[in-house]
Amino acid sequence: MVDSTNRRRFLAASGITVVGLSGCLGSDDDPEEEDEQTQADSSDDEPNENNPNQRTIQWGGQGSENATQDCAENEVGFWKWVLTPGGPEAIEEATLFVTIQPTDPNAEPVTLEVEGFTPGGPRGVFQFNVFLEGGGTVQSAFVEFTGGGANPRLTISEGECREDDDPVDVTVITDPETDVNDSTATLNAELLPFEEEFDAVDVFFEYRVAGSTEWIRVPGDPDSLSDEGGEFSAEIPVEPNTDYEFRAVAVAPDGTEFTGDIRTFTKEDEPDVTKPTVVTGPATDVNESTATLNGELTDLGSFGVADIEVFFEYRPVGTEEWLATEPETLEELGPFSAEIDVEQGVEYEYRAVAVANDTRATGEIQTFRKEVPDKELPEVVTKPATEVNKKTATLNGQLLTRGDFDEVHVFFQYRIVGAAEWLMTPAQTLTEPGPFSVEISELLTGVEYEFRAIATANDVVVAGPIQRFTKEPDEKERRKKKKLEKKKHAYERKKREYKKYKKKYEKDQIDKTTLEKKKRAYEDAKHKYEKYRRKYTKYERKKIAYKHEKGEYEKYEKKYEKNRIDKKTYEKKKGAYNDKKRAYKETEKKLEC
């Protein structure tokens with residue numbers, strides 16, 4: 001099934017009247033001479049009177065070098081727009097309204113309404129793919145959206161003329177679920193081979209409790225499958241005596257979405273097993289940047305205390321993905337707690353969780369809000385990273401104003417993209433607005449990082465927009481990746497040869513023995529490539545897990561040195577770090593074999 005709102009024909013034909021747009025090209029103002037912050041944060045970023053949660057910002061000319069696409073009659077103009085959240089809070093939904101003057105000067109301007117999507121997951125940027133037959137010049141645009149931080153930004157990131165060919169056609173099949181146990185189920189699907197102008201599509205799953213209206217996207221980055229298709233799967237949490245429905249989804253690079261059939265299944269209860277009982281308590285110590293979540297394990301159920309791990313799941317109210325604290329095992333029934341990072345003005349919900357083998361129990365959901373004080377807040381922005389070399393990178397930020405405070409403490413939070421926990425740099429104290437920076441070390445090569453500048457004053461915490469950078473691989477890492485590419489090229493070459501000889505065999509130009517020889521060579525090359533690819537993928541995962549655990553260990557080490565945690569907790573975290581390090585080193589050795 002194809003989402004028709006993403007079809008090129010629909011986008012080209014959509015026409016509505018929109019007035020009062022700003023940010024037109026050809027004005028006397030030179031965008032390069034304007035203040036960068038003024039361009040990024042339009043004064044029109046205001047809530048809608050009919051919908052208080054809806055915001056509107058107008059395009060300020062960012063990416064205007066891509067605004068004009070002068071295309072031939074048989075071509076389609078393409079503009080890729082991106083809306084960055086402008087802070088840690090995710091954008092929930094967004095619609096772009098863009099007015100384009102067609103290449104034909106006698107034609108009337110066309111205004112298109114385009115729904116956005118998030119190619120990198122629910123917390124990333126929103127993307128809008130705009131198409132118009134014959135191309136033209138963007139005159140103005142604005143976007144209506146909900147969510148996002150204080151500094152959202154609308155930009156034309158790419159533009160080109162494309163051949164006006166037929167719509168893409170990709171088929172994805174939703175297969176039956178498997179491994180439905182006490183707390184999880186595995187969703188399965190298959191992408192059929194396709195012939196299109198692109199090489200790969202992103203695939204993932206959506207699921208929901210039967211009868212509900214909102215689909216939940218399985219967390220994490222989508223898998224990417226080539227035009228050869230293939231099987232894919234994902235694990236989701238399930239509750240007993242609950243009916244679920246799910247579907248497979250494939251998204252092409254141009255944003256076109258394809259969905260498989262909807263399947264349903266039921267997670268049956270297991271009466272012979274008694275779950276543990278866990279209670280969610282009130283949040284405490286809600287200070288300038290953290291809060292303490294509290295819970296209590298009140299009953300062991302059918303399990304021993306050593307078999308039960310307890311932790312918390314939490315998230316900003318209105319978001320779909322739960323974040324989890326570090327699991328721990330108690331020595332006896334009783335209370336437990338965990339500290340989490342919080343943002344000013346954000347309402348959170350959380351629940352205590354107990355897991356024993358495959359049995360999962362949760363407490364009631366509690367909420368709390370970190371209130372924003374009635375003061376003028378400091379303003380901070382995150383600048384791009386610089387001096388990204390073999391082992392280090394320099395993170396940059398700027399304090400724009402101090403607000404109502406005499407001094408402001410600034411630092412950075414950073415992490416590998418996809419990791420749950422932020423690492424923090426030492427704080428600096430500023431008494432005047434200005435730039436600040438810090439060098440971070442021991443970076444993993446070939447890994448994408450994200451970071452943001454943070455400003456604190458008394459109980460006020462302000463975060464700048466998130467920036468990203470990638471630590472380029474060193475020679476050792478390049479050799480590993482080159483070996484993977486070499487095996488892939490060998491496999492693809494043998495595959496092409498086999499297909500070529502298969503056609504010859506069908507025309508009686510070669511005998512079966514020759515064909516079988518080519519087939520064995522192709523299958524052998526495929527086996528070698530897949531074997532090394534699996535080892536390489538496992539190595540990459542272990543490397544990232546090791547780096548993340550190392551950062552966590554170093555954070556606990558500092559807490560232990562300041563007598564904020566006991567030795568047992570510290571030794572447990574140290575053991576987890578050593579386990580991750582050992583697993584990473586073992587996969588590295590296997591990869592080099």
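How many bridges join strand 19 to strand 20, and in which sense do the two run? I opened my notebook with that one, and found six bridges between strand 19 (residues 277-284) and strand 20 (residues 290-299), which run antiparallel. I keep in mind that this is a predicted model.

**Entry: along strand 20**

I looked for a residue pair across these two strands and noted Thr280 opposite Gly295 in strand 20. Next I checked what else strand 20 pairs with, and strand 23 (residues 334-341) came up, antiparallel again, over eight bridges. Here Leu293 stands opposite Ala338 in strand 23. I also wrote myself a reminder that side chains in a regular strand alternate between the two faces of the sheet.

**Entry: stepping back to the whole chain**

I counted the elements next and got five helices and 35 strands. The chain has 593 residues, and 44% of them are buried. I then took the contacts between residues at least 6 apart in sequence, and 69% of these join residues at least 24 apart.

I followed strand 4 (residues 75-84) to strand 7 and found eight bridges in the antiparallel sense. One position I marked is Leu83, which stands opposite Phe126 in strand 7.

**Entry: the sheet 10-11-15**

I found another open sheet of three strands, in the order 10-11-15, also with antiparallel pairing. Its edge strands are strand 10 (172-178) and strand 15 (230-237), each pairing on one side only. The twist in this sheet averages 25° from one strand to the next.

Strand 10 and strand 11 (residues 184-191) run antiparallel and are joined by five bridges. Across them, I wrote down Ile173 opposite Glu190 in strand 11.

**Entry: the largest nonpolar core**

Which residues touch the most other members of the largest nonpolar core? The core has 27 residues, and my list of those with the most such neighbours reads Leu395, Phe412, Phe436, Ile440, Tyr449, Phe451 and Phe469. Strands 27 (379-386), 28 (393-401), 29 (408-416), 32 (434-440), 33 (447-457) and 34 (460-463) are the elements that give two or more residues to this core. Strand 33 gives the most, with six residues.

I finished with Leu395, setting aside its neighbours within four places in sequence. The contacts of Leu395 that remain are Ala385, Phe412, Tyr414, Phe436, Ser437, Val438, Ile440, Phe451 and Phe469.

Key
Residues are numbered from 1 along each chain as its sequence is written. This is a predicted model: local features need pLDDT of at least 70, side-chain atom pairs count only at pLDDT 80 or more; totals for chains, interfaces and linings use all residues. Side-chain values use heavy atoms; hydrogens and water are left out. Helices (H or I, at least four residues) and strands (E, at least two) are DSSP runs, numbered from the N terminus. Buried means under 20% relative accessible area, exposed over 50%, partly exposed in between (1.4 Å probe, protein chains only). Contact means heavy atoms within 4.5 Å. Two strands pair if DSSP finds at least two bridges between them. A nonpolar core is a set of buried Ala, Val, Leu, Ile, Met, Phe, Trp, Tyr and Cys residues joined through side-chain atoms within 4.5 Å. Axes are lines fitted to C-alpha atoms, for helices over the stretch in contact, and angles run from 0 to 180 degrees between N-to-C directions.
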